[in-house]
Amino acid sequence: MSDRTTADLERELRMLASVRAYLREAEGTDVRIPTTAVDEVLDEFTRLDRKT
């Protein structure tokens with residue numbers, strides 16, 4: 001993941017947010033969404049942010 005840029009991670013976060021919004025619209029606000037992928041992206045985003 002070290003080849004990713006901050007822009008790449010921001011794009012992924014926007015994509016994940018749109019997927020979450022779609023799922024909540026389709027399934028209702030009570031739908032449980034696993035956060036493992038989001039956690040990994042946020043961790044990498046934080047690591048890159050600290051380097052700058």
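Student: What is the volume of the largest pocket, and how do I read such a value?

Tutor: The largest pocket has a volume of about 280 Å³. Among its 15 lining residues, Arg-20, Ile-33, Pro-34, Thr-35 and Val-38 are the closest to the centre. Here a pocket is an open set of points on a 1 Å grid over the protein atoms alone, where a 1.4 Å probe fits, with protein on both sides within 12 Å along at least five of seven lines; lining residues have an atom within 4 Å of a point. Points are joined across faces, edges and corners, and the volume is the space filled by probe spheres set on them. This is a predicted model: local features need pLDDT of at least 70, side-chain atom pairs count only at pLDDT 80 or more, and totals for chains, interfaces and linings use all residues. Residues are numbered from 1 along each chain as its sequence is written, and side-chain values use heavy atoms, leaving out hydrogens and water.

Student: Which element gives the most to that lining?

Tutor: Helices are DSSP runs (H or I, at least four residues), numbered from the N terminus. Helix α1 gives the most, with seven residues.

Student: How many salt bridges does the structure hold?

Tutor: Side chains of opposite charge can pair when their charged atoms come close. A salt bridge needs a side-chain nitrogen of Lys or Arg within 4 Å of a carboxyl oxygen of Asp or Glu. The structure holds one: Asp-8 with Arg-11, whose closest N and O atoms are 2.4 Å apart. Both lie in helix α1, three residues apart, about one turn of the helix.

Technical notes: Helix = DSSP H or I, 4+ residues; strand = E, 2+ residues; numbered from the N terminus.
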